Amino acid sequence: MLYAFLGLVVLLLLFLLLLTVRALMFKPLKQPVAGRWQGKVDGKRAAANLQKMIQCRTVSHDDTGLEDDGEFERFRQLLVREYPLVHRHCHVKRLGRRGLLYHWPGRNAENPTVFMSHYDVVPADCSAWQHPPFEGVIQDGFLWGRGTLDTKVTLCGIMEAAEQLIDRGFVPANDIYLSFAGDEETSGASASAIVDHLESNGVRPHMVLDEGGAVVEGVLPGVSGKCALVGTGEKGKMHLRLSVTGKGGHASSPPRLTPVGRLARAVCRIEARPLPYRLAAPARQMLETLGRHASFAPRLLYANLSLLAPLLDLFTRKTGGEINALMRTTVAFTKMQASQAVNVFPPVATVEADVRINEGSTSDSVLAQIEKRINDPEVRVEKVAVIEVNPFSSTGTEPWQRVSKGIKQIWPESVVSPYLMIAASDSRHFTRISENVLRFSAMELSTEERKTIHGNDERIPLEKIGDCVKFFLYMMETS
Ligand SMILES: [Zn+2]
(Lines give C-alpha, C1' and ligand atoms only; values in the text may rest on other atoms or scores of the structure.)
Protein backbone atom coordinates (compact mmCIF):
# COMPACT_ATOMS: atom_id res chain seq x y z
CA MET A 1 0.00 0.00 0.00
CA LEU A 2 2.76 2.41 1.06
CA TYR A 3 4.85 1.42 -1.97
CA ALA A 4 1.92 2.01 -4.29
CA PHE A 5 1.43 5.45 -2.74
CA LEU A 6 5.13 6.29 -3.00
CA GLY A 7 5.14 5.05 -6.58
CA LEU A 8 2.25 7.36 -7.38
CA VAL A 9 4.02 10.33 -5.78
CA VAL A 10 7.18 9.60 -7.79
CA LEU A 11 5.16 9.35 -11.00
CA LEU A 12 3.44 12.64 -10.28
CA LEU A 13 6.77 14.34 -9.55
CA LEU A 14 8.20 12.98 -12.79
CA PHE A 15 5.20 14.29 -14.68
CA LEU A 16 5.60 17.73 -13.11
CA LEU A 17 9.30 17.65 -13.93
CA LEU A 18 8.48 16.81 -17.54
CA LEU A 19 6.02 19.73 -17.76
CA THR A 20 8.61 22.09 -16.23
CA VAL A 21 11.42 21.00 -18.53
CA ARG A 22 9.17 21.42 -21.55
CA ALA A 23 8.14 24.91 -20.35
CA LEU A 24 11.81 25.89 -19.83
CA MET A 25 12.65 24.75 -23.34
CA PHE A 26 9.65 26.60 -24.79
CA LYS A 27 11.61 29.63 -26.05
CA PRO A 28 10.47 32.32 -28.50
CA LEU A 29 10.66 31.26 -32.15
CA LYS A 30 12.83 33.12 -34.61
CA GLN A 31 10.89 35.98 -36.16
CA PRO A 32 11.56 37.28 -39.67
CA VAL A 33 14.20 39.98 -39.69
CA ALA A 34 13.44 43.23 -41.44
CA GLY A 35 14.88 46.69 -41.22
CA ARG A 36 12.62 49.58 -40.41
CA TRP A 37 10.73 50.86 -43.44
CA GLN A 38 12.54 53.91 -44.79
CA GLY A 39 10.18 55.31 -47.42
CA LYS A 40 7.99 58.38 -47.18
CA VAL A 41 4.24 58.71 -47.26
CA ASP A 42 2.02 61.74 -47.44
CA GLY A 43 0.09 61.14 -44.23
CA LYS A 44 -1.88 64.40 -44.55
CA ARG A 45 -3.19 63.47 -47.98
CA ALA A 46 -4.15 59.97 -46.80
CA ALA A 47 -5.99 61.38 -43.76
CA ALA A 48 -7.85 63.91 -45.92
CA ASN A 49 -8.95 61.17 -48.33
CA LEU A 50 -10.01 58.85 -45.52
CA GLN A 51 -11.99 61.74 -44.08
CA LYS A 52 -13.87 62.10 -47.39
CA MET A 53 -14.53 58.34 -47.43
CA ILE A 54 -16.02 58.54 -43.92
CA GLN A 55 -18.34 61.33 -45.09
CA CYS A 56 -20.01 58.91 -47.53
CA ARG A 57 -22.79 57.16 -45.59
CA THR A 58 -22.22 53.73 -47.10
CA VAL A 59 -24.27 51.95 -44.45
CA SER A 60 -25.34 48.35 -45.02
CA HIS A 61 -28.63 47.13 -43.54
CA ASP A 62 -30.15 43.66 -43.39
CA ASP A 63 -33.21 45.36 -44.87
CA THR A 64 -31.59 46.69 -48.06
CA GLY A 65 -34.53 49.09 -48.47
CA LEU A 66 -32.91 51.22 -45.76
CA GLU A 67 -29.69 51.61 -47.77
CA ASP A 68 -28.86 54.77 -49.68
CA ASP A 69 -27.50 53.72 -53.09
CA GLY A 70 -26.56 57.32 -53.87
CA GLU A 71 -24.01 57.31 -51.04
CA PHE A 72 -22.38 54.15 -52.39
CA GLU A 73 -22.15 55.76 -55.83
CA ARG A 74 -20.71 58.90 -54.22
CA PHE A 75 -18.01 56.74 -52.64
CA ARG A 76 -17.11 55.14 -55.98
CA GLN A 77 -16.94 58.56 -57.65
CA LEU A 78 -14.69 59.76 -54.84
CA LEU A 79 -12.24 56.98 -55.74
CA VAL A 80 -12.26 58.05 -59.41
CA ARG A 81 -11.60 61.67 -58.43
CA GLU A 82 -8.91 61.16 -55.79
CA TYR A 83 -7.01 58.29 -57.44
CA PRO A 84 -6.75 59.33 -61.10
CA LEU A 85 -3.55 57.38 -61.80
CA VAL A 86 -5.01 54.14 -60.45
CA HIS A 87 -8.00 54.66 -62.71
CA ARG A 88 -5.79 55.35 -65.70
CA HIS A 89 -3.50 52.33 -65.20
CA CYS A 90 -5.93 49.71 -63.94
CA HIS A 91 -8.84 48.02 -65.64
CA VAL A 92 -11.84 48.61 -63.38
CA LYS A 93 -14.87 46.33 -63.34
CA ARG A 94 -18.10 46.55 -61.38
CA LEU A 95 -19.23 43.09 -60.41
CA GLY A 96 -22.28 41.86 -58.54
CA ARG A 97 -24.31 44.40 -56.61
CA ARG A 98 -21.46 46.50 -55.29
CA GLY A 99 -18.22 44.77 -56.15
CA LEU A 100 -15.27 46.78 -57.50
CA LEU A 101 -12.34 44.96 -59.06
CA TYR A 102 -9.19 46.76 -60.21
CA HIS A 103 -6.66 44.91 -62.33
CA TRP A 104 -3.19 46.47 -62.28
CA PRO A 105 -1.07 44.61 -64.84
CA GLY A 106 2.41 43.70 -63.70
CA ARG A 107 5.36 42.36 -65.68
CA ASN A 108 4.02 38.83 -65.15
CA ALA A 109 0.45 37.52 -64.84
CA GLU A 110 1.45 34.19 -63.30
CA ASN A 111 1.41 34.91 -59.54
CA PRO A 112 -1.08 37.69 -58.89
CA THR A 113 -1.75 39.22 -55.48
CA VAL A 114 -5.23 40.36 -54.43
CA PHE A 115 -5.64 43.15 -51.87
CA MET A 116 -9.15 43.17 -50.42
CA SER A 117 -11.26 45.57 -48.41
CA HIS A 118 -14.90 46.68 -48.21
CA TYR A 119 -16.45 50.12 -48.37
CA ASP A 120 -19.71 49.52 -46.55
CA VAL A 121 -20.05 50.02 -42.82
CA VAL A 122 -22.48 48.98 -40.08
CA PRO A 123 -25.09 51.50 -38.82
CA ALA A 124 -24.17 53.97 -36.07
CA ASP A 125 -26.36 55.23 -33.24
CA CYS A 126 -25.60 58.95 -33.69
CA SER A 127 -26.96 59.94 -30.27
CA ALA A 128 -24.35 57.82 -28.48
CA TRP A 129 -21.30 59.30 -30.26
CA GLN A 130 -19.11 62.16 -28.99
CA HIS A 131 -18.72 63.36 -32.61
CA PRO A 132 -21.17 62.63 -35.45
CA PRO A 133 -20.21 59.32 -37.10
CA PHE A 134 -20.36 60.56 -40.71
CA GLU A 135 -18.81 64.01 -40.56
CA GLY A 136 -15.19 62.91 -40.44
CA VAL A 137 -14.26 65.22 -37.57
CA ILE A 138 -10.51 65.57 -37.04
CA GLN A 139 -9.65 66.63 -33.51
CA ASP A 140 -6.66 66.19 -31.19
CA GLY A 141 -4.88 63.86 -33.59
CA PHE A 142 -7.85 61.58 -34.26
CA LEU A 143 -10.15 61.11 -37.22
CA TRP A 144 -13.61 60.19 -35.97
CA GLY A 145 -16.21 58.19 -37.81
CA ARG A 146 -17.90 54.93 -38.67
CA GLY A 147 -15.56 52.88 -40.83
CA THR A 148 -12.32 54.54 -39.76
CA LEU A 149 -11.13 51.16 -38.41
CA ASP A 150 -13.57 48.76 -40.14
CA THR A 151 -12.31 49.11 -42.77
CA LYS A 152 -12.15 52.21 -44.92
CA VAL A 153 -8.65 52.76 -43.55
CA THR A 154 -7.31 49.66 -45.32
CA LEU A 155 -9.15 50.59 -48.51
CA CYS A 156 -7.59 54.06 -48.26
CA GLY A 157 -4.16 52.53 -47.51
CA ILE A 158 -4.39 50.29 -50.58
CA MET A 159 -5.47 53.14 -52.91
CA GLU A 160 -2.92 55.63 -51.54
CA ALA A 161 -0.10 53.10 -51.96
CA ALA A 162 -1.12 52.20 -55.52
CA GLU A 163 -1.51 55.87 -56.54
CA GLN A 164 1.90 56.75 -55.09
CA LEU A 165 3.65 53.81 -56.77
CA ILE A 166 2.12 54.49 -60.19
CA ASP A 167 3.14 58.13 -59.82
CA ARG A 168 6.72 56.93 -59.33
CA GLY A 169 6.51 54.87 -62.52
CA PHE A 170 6.57 51.60 -60.60
CA VAL A 171 5.36 48.46 -62.38
CA PRO A 172 4.70 45.47 -60.10
CA ALA A 173 6.59 42.25 -60.82
CA ASN A 174 3.29 40.36 -60.83
CA ASP A 175 -0.30 41.40 -61.51
CA ILE A 176 -2.12 43.08 -58.65
CA TYR A 177 -5.88 43.04 -58.12
CA LEU A 178 -7.77 45.32 -55.75
CA SER A 179 -11.07 43.80 -54.67
CA PHE A 180 -13.60 45.92 -52.75
CA ALA A 181 -17.13 44.85 -51.81
CA GLY A 182 -19.89 47.21 -50.77
CA ASP A 183 -22.03 44.67 -48.92
CA GLU A 184 -19.61 42.75 -46.70
CA GLU A 185 -21.31 43.66 -43.44
CA THR A 186 -24.51 41.91 -44.50
CA SER A 187 -22.72 38.92 -46.07
CA GLY A 188 -23.68 40.17 -49.53
CA ALA A 189 -22.75 38.46 -52.78
CA SER A 190 -20.36 41.05 -54.29
CA ALA A 191 -17.13 39.33 -53.18
CA SER A 192 -18.46 36.02 -54.43
CA ALA A 193 -19.26 37.66 -57.81
CA ILE A 194 -15.68 38.98 -57.97
CA VAL A 195 -14.33 35.49 -57.32
CA ASP A 196 -16.64 34.04 -60.00
CA HIS A 197 -15.22 36.54 -62.47
CA LEU A 198 -11.59 35.78 -61.58
CA GLU A 199 -12.25 32.05 -61.65
CA SER A 200 -13.84 32.16 -65.09
CA ASN A 201 -10.79 34.10 -66.31
CA GLY A 202 -8.46 31.45 -64.93
CA VAL A 203 -6.90 33.76 -62.32
CA ARG A 204 -5.34 31.81 -59.42
CA PRO A 205 -4.05 34.33 -56.88
CA HIS A 206 -0.69 33.53 -55.33
CA MET A 207 -1.86 35.50 -52.31
CA VAL A 208 -5.03 37.17 -51.09
CA LEU A 209 -4.85 39.69 -48.25
CA ASP A 210 -8.02 40.88 -46.53
CA GLU A 211 -8.97 42.55 -43.24
CA GLY A 212 -8.65 40.40 -40.13
CA GLY A 213 -6.15 40.43 -37.29
CA ALA A 214 -4.13 43.48 -36.27
CA VAL A 215 -1.24 44.47 -34.03
CA VAL A 216 -2.78 44.08 -30.57
CA GLU A 217 -1.90 43.61 -26.92
CA GLY A 218 -3.27 41.34 -24.22
CA VAL A 219 -4.86 38.72 -26.48
CA LEU A 220 -3.47 35.73 -24.62
CA PRO A 221 -3.48 35.39 -20.81
CA GLY A 222 0.07 35.76 -19.48
CA VAL A 223 1.48 37.30 -22.66
CA SER A 224 2.35 40.98 -22.58
CA GLY A 225 3.81 42.89 -25.52
CA LYS A 226 2.54 43.45 -29.02
CA CYS A 227 1.29 40.59 -31.17
CA ALA A 228 0.57 40.91 -34.88
CA LEU A 229 -2.20 38.42 -35.56
CA VAL A 230 -2.60 37.19 -39.11
CA GLY A 231 -5.71 35.11 -39.71
CA THR A 232 -4.95 31.91 -41.62
CA GLY A 233 -8.49 30.60 -41.36
CA GLU A 234 -11.91 31.45 -40.07
CA LYS A 235 -14.70 29.57 -38.34
CA GLY A 236 -17.91 28.67 -40.14
CA LYS A 237 -21.24 30.11 -39.18
CA MET A 238 -24.79 28.82 -38.83
CA HIS A 239 -28.09 30.45 -37.97
CA LEU A 240 -30.08 27.81 -36.13
CA ARG A 241 -33.76 27.78 -35.16
CA LEU A 242 -35.32 25.57 -32.48
CA SER A 243 -39.10 25.40 -32.42
CA VAL A 244 -41.89 23.64 -30.54
CA THR A 245 -45.39 23.52 -31.94
CA GLY A 246 -48.16 23.59 -29.35
CA LYS A 247 -51.92 23.22 -29.39
CA GLY A 248 -52.51 26.87 -28.43
CA GLY A 249 -55.43 27.43 -26.08
CA HIS A 250 -56.01 29.12 -22.75
CA ALA A 251 -53.23 29.25 -20.19
CA SER A 252 -55.48 28.44 -17.20
CA SER A 253 -55.07 24.68 -17.52
CA PRO A 254 -51.48 24.13 -18.67
CA PRO A 255 -49.96 20.78 -19.63
CA ARG A 256 -47.11 19.48 -17.48
CA LEU A 257 -44.55 20.81 -19.95
CA THR A 258 -45.39 23.93 -21.99
CA PRO A 259 -43.79 24.68 -25.41
CA VAL A 260 -41.73 27.42 -23.77
CA GLY A 261 -40.73 25.00 -21.00
CA ARG A 262 -39.57 22.46 -23.58
CA LEU A 263 -37.49 25.05 -25.39
CA ALA A 264 -35.98 26.31 -22.15
CA ARG A 265 -35.03 22.74 -21.26
CA ALA A 266 -33.44 22.28 -24.68
CA VAL A 267 -31.42 25.49 -24.30
CA CYS A 268 -30.24 24.46 -20.83
CA ARG A 269 -29.20 21.03 -22.09
CA ILE A 270 -27.09 22.57 -24.84
CA GLU A 271 -25.48 25.14 -22.56
CA ALA A 272 -24.74 22.50 -19.91
CA ARG A 273 -22.77 20.41 -22.43
CA PRO A 274 -20.61 22.61 -24.68
CA LEU A 275 -19.53 21.02 -27.97
CA PRO A 276 -16.23 19.13 -27.93
CA TYR A 277 -12.85 20.77 -27.47
CA ARG A 278 -10.65 20.84 -30.58
CA LEU A 279 -7.63 22.97 -31.33
CA ALA A 280 -7.75 23.86 -35.02
CA ALA A 281 -4.33 24.40 -36.62
CA PRO A 282 -4.40 28.24 -36.57
CA ALA A 283 -5.46 28.30 -32.90
CA ARG A 284 -2.78 25.76 -31.95
CA GLN A 285 -0.12 27.67 -33.87
CA MET A 286 -1.16 30.88 -32.13
CA LEU A 287 -0.79 29.33 -28.67
CA GLU A 288 2.50 27.75 -29.71
CA THR A 289 3.89 31.01 -31.10
CA LEU A 290 2.68 33.51 -28.52
CA GLY A 291 2.74 31.09 -25.57
CA ARG A 292 6.55 31.11 -25.77
CA HIS A 293 6.46 34.77 -24.77
CA ALA A 294 4.33 34.13 -21.66
CA SER A 295 5.43 34.39 -18.04
CA PHE A 296 6.42 31.05 -16.51
CA ALA A 297 3.14 29.79 -14.99
CA PRO A 298 0.98 30.19 -18.13
CA ARG A 299 3.92 29.00 -20.22
CA LEU A 300 3.69 25.68 -18.34
CA LEU A 301 0.26 25.34 -19.90
CA TYR A 302 1.13 26.56 -23.43
CA ALA A 303 4.23 24.35 -23.61
CA ASN A 304 2.19 21.28 -22.74
CA LEU A 305 -1.00 21.79 -24.72
CA SER A 306 -1.27 18.18 -25.81
CA LEU A 307 -0.62 16.76 -22.33
CA LEU A 308 -2.93 19.23 -20.61
CA ALA A 309 -5.75 19.28 -23.18
CA PRO A 310 -8.34 18.00 -20.66
CA LEU A 311 -7.42 20.85 -18.31
CA LEU A 312 -7.72 23.42 -21.08
CA ASP A 313 -11.04 21.89 -22.11
CA LEU A 314 -12.38 22.19 -18.56
CA PHE A 315 -10.99 25.70 -18.07
CA THR A 316 -12.48 27.09 -21.28
CA ARG A 317 -15.86 25.44 -20.63
CA LYS A 318 -15.98 27.36 -17.36
CA THR A 319 -14.69 30.70 -18.61
CA GLY A 320 -16.39 30.99 -22.01
CA GLY A 321 -15.40 34.12 -23.92
CA GLU A 322 -12.76 34.60 -26.61
CA ILE A 323 -10.34 31.88 -25.55
CA ASN A 324 -13.14 29.31 -25.41
CA ALA A 325 -14.37 30.38 -28.84
CA LEU A 326 -10.93 29.53 -30.25
CA MET A 327 -11.25 25.94 -29.10
CA ARG A 328 -14.71 24.71 -29.91
CA THR A 329 -17.90 25.27 -31.88
CA THR A 330 -19.92 27.81 -29.89
CA VAL A 331 -23.70 28.14 -29.65
CA ALA A 332 -25.08 31.54 -28.63
CA PHE A 333 -28.83 31.84 -28.12
CA THR A 334 -29.88 35.32 -29.15
CA LYS A 335 -33.58 35.39 -30.12
CA MET A 336 -36.81 34.08 -28.56
CA GLN A 337 -40.41 34.28 -29.64
CA ALA A 338 -43.64 32.85 -28.23
CA SER A 339 -47.14 34.08 -27.41
CA GLN A 340 -48.26 37.67 -27.85
CA ALA A 341 -50.65 37.39 -24.87
CA VAL A 342 -49.81 36.21 -21.39
CA ASN A 343 -52.93 34.03 -21.00
CA VAL A 344 -52.68 32.24 -24.36
CA PHE A 345 -50.34 29.40 -25.36
CA PRO A 346 -48.33 30.11 -28.50
CA PRO A 347 -49.13 27.88 -31.49
CA VAL A 348 -45.37 27.81 -31.99
CA ALA A 349 -42.47 28.96 -29.80
CA THR A 350 -38.96 29.50 -31.17
CA VAL A 351 -35.44 30.30 -30.03
CA GLU A 352 -32.63 31.12 -32.43
CA ALA A 353 -28.91 30.70 -32.06
CA ASP A 354 -25.77 32.05 -33.67
CA VAL A 355 -23.47 29.04 -34.07
CA ARG A 356 -19.77 29.41 -34.96
CA ILE A 357 -18.45 26.16 -36.42
CA ASN A 358 -14.95 24.99 -35.58
CA GLU A 359 -12.63 23.18 -37.98
CA GLY A 360 -13.36 19.46 -38.15
CA SER A 361 -17.11 20.01 -37.95
CA THR A 362 -19.78 20.72 -40.55
CA SER A 363 -23.23 22.24 -40.15
CA ASP A 364 -24.63 18.68 -40.38
CA SER A 365 -22.37 17.23 -37.71
CA VAL A 366 -23.07 20.17 -35.38
CA LEU A 367 -26.81 19.80 -35.97
CA ALA A 368 -26.60 16.12 -35.03
CA GLN A 369 -24.65 16.92 -31.85
CA ILE A 370 -27.19 19.54 -30.87
CA GLU A 371 -30.15 17.23 -31.49
CA LYS A 372 -28.48 14.58 -29.36
CA ARG A 373 -28.04 17.01 -26.50
CA ILE A 374 -31.65 18.21 -26.71
CA ASN A 375 -32.88 14.60 -26.77
CA ASP A 376 -36.49 15.61 -27.36
CA PRO A 377 -38.28 14.75 -30.62
CA GLU A 378 -40.82 17.50 -29.97
CA VAL A 379 -38.14 20.15 -30.46
CA ARG A 380 -37.57 20.79 -34.16
CA VAL A 381 -34.07 21.95 -35.08
CA GLU A 382 -33.46 23.58 -38.46
CA LYS A 383 -30.72 25.49 -40.24
CA VAL A 384 -31.73 28.95 -41.40
CA ALA A 385 -28.41 29.93 -43.01
CA VAL A 386 -25.01 28.27 -43.20
CA ILE A 387 -21.42 29.18 -44.01
CA GLU A 388 -19.34 26.01 -43.78
CA VAL A 389 -15.70 26.11 -42.62
CA ASN A 390 -13.50 26.91 -45.63
CA PRO A 391 -9.97 25.53 -46.14
CA PHE A 392 -7.22 27.12 -44.04
CA SER A 393 -3.95 28.58 -45.32
CA SER A 394 -0.52 27.50 -44.17
CA THR A 395 2.32 29.42 -42.64
CA GLY A 396 5.86 28.96 -43.91
CA THR A 397 4.81 29.86 -47.46
CA GLU A 398 6.23 32.77 -49.46
CA PRO A 399 3.06 34.89 -48.95
CA TRP A 400 3.20 34.23 -45.21
CA GLN A 401 6.86 35.31 -45.11
CA ARG A 402 6.11 38.41 -47.14
CA VAL A 403 3.25 39.53 -44.90
CA SER A 404 5.36 38.81 -41.80
CA LYS A 405 8.24 40.87 -43.17
CA GLY A 406 5.90 43.71 -44.07
CA ILE A 407 4.57 43.71 -40.52
CA LYS A 408 8.06 43.66 -39.00
CA GLN A 409 9.06 46.67 -41.10
CA ILE A 410 6.27 48.84 -39.74
CA TRP A 411 5.77 47.29 -36.28
CA PRO A 412 9.24 45.85 -35.53
CA GLU A 413 8.56 45.12 -31.87
CA SER A 414 5.53 42.91 -32.56
CA VAL A 415 5.53 39.10 -32.58
CA VAL A 416 3.87 37.84 -35.77
CA SER A 417 1.51 34.94 -35.17
CA PRO A 418 -1.16 33.00 -37.06
CA TYR A 419 -4.63 32.97 -35.59
CA LEU A 420 -8.13 31.62 -36.13
CA MET A 421 -10.68 34.27 -36.99
CA ILE A 422 -13.93 33.90 -35.13
CA ALA A 423 -15.78 36.35 -37.38
CA ALA A 424 -16.53 35.60 -41.02
CA SER A 425 -15.00 37.82 -43.71
CA ASP A 426 -15.40 38.16 -47.48
CA SER A 427 -11.99 36.53 -47.93
CA ARG A 428 -13.60 33.11 -47.41
CA HIS A 429 -14.86 33.24 -51.02
CA PHE A 430 -11.28 33.43 -52.26
CA THR A 431 -10.38 30.08 -50.70
CA ARG A 432 -12.05 28.69 -53.83
CA ILE A 433 -9.27 30.01 -56.06
CA SER A 434 -6.26 30.56 -53.77
CA GLU A 435 -4.35 28.49 -51.24
CA ASN A 436 -2.92 31.56 -49.54
CA VAL A 437 -5.68 33.68 -48.08
CA LEU A 438 -4.37 35.80 -45.21
CA ARG A 439 -6.26 38.22 -43.02
CA PHE A 440 -4.49 41.20 -41.48
CA SER A 441 -5.77 44.75 -40.97
CA ALA A 442 -2.67 46.92 -41.21
CA MET A 443 -3.08 48.76 -37.91
CA GLU A 444 -2.01 48.72 -34.32
CA LEU A 445 -5.18 48.65 -32.21
CA SER A 446 -5.48 49.34 -28.51
CA THR A 447 -8.03 47.36 -26.49
CA GLU A 448 -10.14 50.52 -26.34
CA GLU A 449 -10.01 51.02 -30.09
CA ARG A 450 -11.01 47.40 -30.69
CA LYS A 451 -14.18 47.98 -28.67
CA THR A 452 -15.25 50.85 -30.95
CA ILE A 453 -15.39 48.57 -34.03
CA HIS A 454 -19.14 48.11 -34.68
CA GLY A 455 -19.56 50.17 -31.47
CA ASN A 456 -19.68 53.85 -30.56
CA ASP A 457 -16.98 56.51 -31.06
CA GLU A 458 -15.01 54.60 -33.71
CA ARG A 459 -11.90 56.69 -34.44
CA ILE A 460 -8.33 56.35 -35.61
CA PRO A 461 -5.17 58.18 -34.53
CA LEU A 462 -3.89 60.04 -37.61
CA GLU A 463 -0.41 58.49 -37.55
CA LYS A 464 -1.96 55.02 -37.91
CA ILE A 465 -3.38 55.98 -41.30
CA GLY A 466 0.16 56.64 -42.55
CA ASP A 467 1.38 53.31 -41.12
CA CYS A 468 -1.36 51.52 -43.04
CA VAL A 469 -0.23 53.17 -46.31
CA LYS A 470 3.41 52.19 -45.57
CA PHE A 471 2.43 48.55 -45.07
CA PHE A 472 0.63 48.37 -48.42
CA LEU A 473 3.51 50.17 -50.16
CA TYR A 474 5.81 47.42 -48.95
CA MET A 475 3.37 44.69 -49.92
CA MET A 476 2.87 46.08 -53.43
CA GLU A 477 6.57 46.73 -54.01
CA THR A 478 7.24 43.07 -53.23
CA SER A 479 4.23 41.63 -55.11
ZN1 LIG B 1 -14.91 44.74 -41.91
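Reader: Which order do the strands of the open sheet have, and is the pairing parallel or antiparallel?

Author: Strands of a sheet pair through backbone hydrogen bonds, in either a parallel or an antiparallel sense. This model is predicted: local features need pLDDT of at least 70, side-chain atom pairs count only at pLDDT 80 or more, and totals for chains, interfaces and linings use all residues. Residues are numbered from 1 along each chain as its sequence is written. Here an open sheet of three strands runs S4-S5-S15, paired antiparallel. Strands (E, at least two residues) and helices (H or I, at least four) are DSSP runs numbered from the N terminus, and two strands pair if DSSP finds at least two bridges between them.

Reader: Which are the edge strands?

Author: S4 (138-139) and S15 (459-461), each of which pairs on one side only. Two antiparallel bridges join S4 to S5 (residues 142-144), and Gln139 stands opposite Phe142 in S5.

Reader: Which helix packs on the sheet?

Author: Helix H15 (residues 462-477), which touches S5 and S15. Its direction makes about 80 degrees with that of S15; axes are lines fitted to C-alpha atoms, for helices over the stretch in contact, and angles run from 0 to 180 degrees between N-to-C directions.

Reader: How many residues of domain 1 are in contact with domain 2?

Author: Contact means C-beta atoms, placed from the backbone, within 7 Å. By that criterion, 18 residues of domain 1 are in contact with 20 residues of domain 2. On the domain 1 side, S13 gives the largest share, six residues. The bounds, from an automatic or database domain assignment, are 43-233 + 393-477 for domain 1 and 235-387 for domain 2.

Conventions. Two residues are in contact if their C-beta atoms, placed from the backbone, lie within 7 Å.
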